[in-house]
Amino acid sequence: METKSTGQGTGNIIEVEGLGKEFNGVWVLNDINFDLQPGEIHSLVGENGAGKSTFIKILSGVYQPSAGSIKTDGNPVVMHNVKHSESLGIRTVHQEINLVPFFSVFENIFIGTEEKRRFLGVNVMDDSKMKKKAREVIKTLGVELDIDKPTHLLNASMERIVEISKVLVHRPRVIIFDEPTTSLGEEERKRLLEIIKGLKSTGIGIIYISHNLDEVMEISDRITVFRDGRKTGTMYKEEASPEKIVSMMIGHKSYNEYKRDKSYKERDVYLEINNLSTDKLDNINLSLHKGEILGIAGVVGAGKTEIAQAIFGLDKIHKGQIYLYGQKYSPSCQRAISNGIALVPEERQAQGLIPNYSVMKNITLTYLGKWCRNGVMDRQAEIDTANEYIKLMSIKTTGHSQIVKFLSGGNQQKVILSRWLNGDFKIGIFDEPTKGIDVKAKEDIYSLVDRLAGNGKSIMVLSSYLPELLSISDRILVVHDGKIVGEFDPKEENAKEKIMHAMLGGRVA
Ligand SMILES: Nc1ncnc2c1ncn2[C@@H]1O[C@H](COP(=O)(O)OP(=O)(O)OP(=O)(O)O)[C@@H](O)[C@H]1O
Ligand SMILES: [Mg+2]
């Protein structure tokens with residue numbers, strides 16, 4: 001089946017046989033066979049925790065395999081470390097952002113591989129050469145980015161662009177992308193997919209990991225599916241379909257596409273915003289009812305997050321008013337929290353996760369008061385809650401006491417989300433709640449959000465992923481360039497097209 005040539009070359013650049021990996025006696029990868037040809041895009045899909053990142057970390061020299069062998073260009077290699085893998089022309093855009101905050105964009109791009117020049121007999125950094133190269137690479141990515149800007153001032157999508165540039169400056173033969181589009185807006189995402197196709201046409205071999213199956217179907221020559229650390233198959237794009245991929249990913253576990261049949265919206269208005277303007281927002285008006293799930297749609301940078309920031313008093317309000325439960329409210333973090341508002345920020349990993357704490361502590365942290373009886377911790381109640389969420393969200397972990405940093409990226413996201421979902425809030429604001437989460441787990445989260453609304457909580461979901469908003473919202477507001485440009489009923493005719501149109505500022509349908 002794998003004899004047909006998909007790419008431009010004849011041999012395999014990478015060939016893996018019987019690869020396995022164990023951590024502390026647990027085999028997270030077993031008997032993986034895989035190959036990559038020059039000029040092909042070979043995608044890797046699987047549920048959160050299936051072993052995708054571990055596999056590519058072996059190819060990039062981060063981890064040593066516990067079993068099996070790797071060949072590059074037909075020659076057996078033992079990848080000693082990252083430098084070794086890089087010297088073979090393999091570069092990886094990892095799932096985690098790994099930038100030095102106070103360094104500029106170009107310094108981050110060249111970190112560890114700085115260009116030097118001789119000056120008065122000594123080696124000094126050749127800034128102008130590095131800047132020139134950095135500008136060239138960023139230009140090919142088609143984005144506007146000041147290369148002198150310190151990276152802590154960048155938003156998530158620009159950080160991703162810097163991570164990608166870090167790889168491209170080295171002109172590698174193999175590029176591995178681990179979920180590169182998760183923080184990107186629709187237009188940046190499309191551009192990146194075009195760039196990846198362009199790289200492929202120059203003969204680079206590409207391994208592509210994503211939870212977005214439409215993206216995988218669009219871009220791949222071949223698709224390999226992992227389930228629970230094993231390969232369930234490799235197929236050519238022509239043989240694949242999203243349904244087939246999902247069934248290979250989840251096996252015989254049940255999977256129903258989430259459909260919401262009921263609304264719990266009541267008359268009481270919990271949150272009302274009148275004529276609100278900040279630096280980024282222009283005359284926002286909205287109301288959120290008890291039991292309602294209100295979707296806020298908009299491309300990355302449209303101003304969705306800024307609505308949440310205004311409610312938490314994080315951005316200065318120039319004009320307008322906010323009312324909570326019918327009372328005038330003056331925004332601040334403390335008052336938001338004491339009035340029962342919970343915010344799940346988009347950058348959860350950076351802002352929320354305590355890497356060296358257990359899964360349980362990371363779930364129960366904010367609401368520890370809940371498990372205190374007369375000042376004494378009720379440990380069993382805390383454990384029960386942690387276990388309940390591990391089950392509800394299908395968090396892949398060895399148990400509630402596992403240290404959270406050893407979980408896969410998507411499972412860490414689920415842990416932080418659980419922390420907020422088990423809280424005592426009345427108004428929940430969720431910013432991109434299913435970023436990095438696999439297809440089945442997304443459905444689990446939608447049912448949980450629905451349950452919260454059923455319990456009388458008000459929910460506002462900020463998302464650039466339209467199918468998600470269409471399947472869970474009672475109502476959808478569209479933000480474009482800091483303004484609300486439309487209100488839609490997700491059940492109305494052609495809702496998707498109309499909302500897309502509004503999200504893009506009415507430019508293209
Ligand atoms: N350093 C480690 N120590 C112990 N277990 C680990 C370690 N790294 C990964 N694992 C485990 O290996 C399994 C596979 O994780 P991996 O990160 O490869 O998943 P993934 O397919 O990339 O998932 P996601 O889609 O969520 O990113 C998980 O159960 C994870 O907990
Ligand atoms: Mg991963």
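A residue counts as near a molecule when its C-beta atom, placed from the backbone, lies within 6 Å of that molecule, and the domain bounds used here come from an automatic or database domain assignment. With these terms in hand, the place of ligand 1 in this predicted model can be described: domain 1 (1-89 + 172-252) and domain 4 (353-424) both give residues to the shell around ligand 1, and therefore the ligand lies between these domains.

## The shell around the ligand

The shell around ligand 1 holds 19 residues, and the closest of them are N48, S53, T54, S408 and G410. Two elements, helix 1 (52-59) and helix 14 (409-421), each give two or more residues to this shell.

## The protein as a whole

The secondary structure of the protein is made up of 17 helices and 24 strands. Its C-alpha atoms fill a box of roughly 70 × 55 × 50 Å when the box is taken along the principal axes. A compact globule of 509 residues would have a radius of gyration near 23 Å, and the 24 Å of this protein agrees with that value. Of the 509 residues, 44% count as buried. When contacts between residues at least 6 apart in sequence are considered, 69% of them join residues at least 24 apart.

## A helix with a buried face

In helix 17, which spans residues 495-503, the residues I499, A502 and M503 are buried. Seen down the axis of helix 17, these buried residues fall within an arc of 100°, so they line one face of the helix. An α-helix has 3.6 residues a turn, and therefore residues three or four places apart point the same way. The cover over the buried residues of helix 17 includes strand 15 (293-297), helix 16 (466-472), strand 23 (475-480) and strand 24 (483-488). After helix 17 comes G505, whose phi is positive, near 75°.

Helix 16, one of the covering elements, contains L469. Not counting residues up to four places away in sequence, L469 touches G295, A297, V461, S463 and I476. L469 has 26 other C-beta atoms within 10 Å, and because a residue is buried when 20 or more lie within that distance, L469 is buried.

The table sets out pairs of residues with their separation along the chain and the distance between their C-alpha atoms.

| Pair | Separation in sequence | C-alpha distance |
|---|---|---|
| L469 and I293 | 176 residues | 9.3 Å |
| I58 and D450 | 392 residues | 40 Å |
| S263 and G454 | 191 residues | 8.0 Å |

I58 belongs to helix 1, the element that also gives residues to the shell around ligand 1. I58 counts as buried, with 23 C-beta neighbours inside 10 Å, and, leaving aside its neighbours within four places in sequence, I58 is in contact with L19, K21, Y63 and P65. S263, by contrast, lies in the loop between helix 8 and strand 13 (269-277) and counts as partly exposed, with 16 C-beta neighbours inside 10 Å.

## Two residues with positive phi

Most residues other than glycine have a negative phi. Neither D31 nor E179 is a glycine, and yet D31 has a positive phi of about 50°, and E179 likewise has a positive phi of about 50°. Where does each of them sit, and is each buried or partly exposed? D31 is found in strand 2 (residues 26-36) and counts as partly exposed, with 14 C-beta neighbours inside 10 Å. E179 is found in the loop between strand 9 (174-178) and helix 6, and E179 is buried, with 22 other C-beta atoms within 10 Å.

Note on methods
Residues numbered from 1 in each chain as written. Chains lettered and ligands numbered in written order. Predicted model: local features only at pLDDT ≥ 70, side-chain atom pairs only at ≥ 80, totals over all residues. Helix = DSSP H or I, 4+ residues; strand = E, 2+ residues; numbered from the N terminus. Rg over C-alpha atoms; globule rule 2.2 N^0.38 Å. Buried ≥ 20, exposed ≤ 12 C-beta atoms within 10 Å, placed from the backbone. Contact = placed C-beta atoms within 7 Å. Arc of directions from axis to C-beta.
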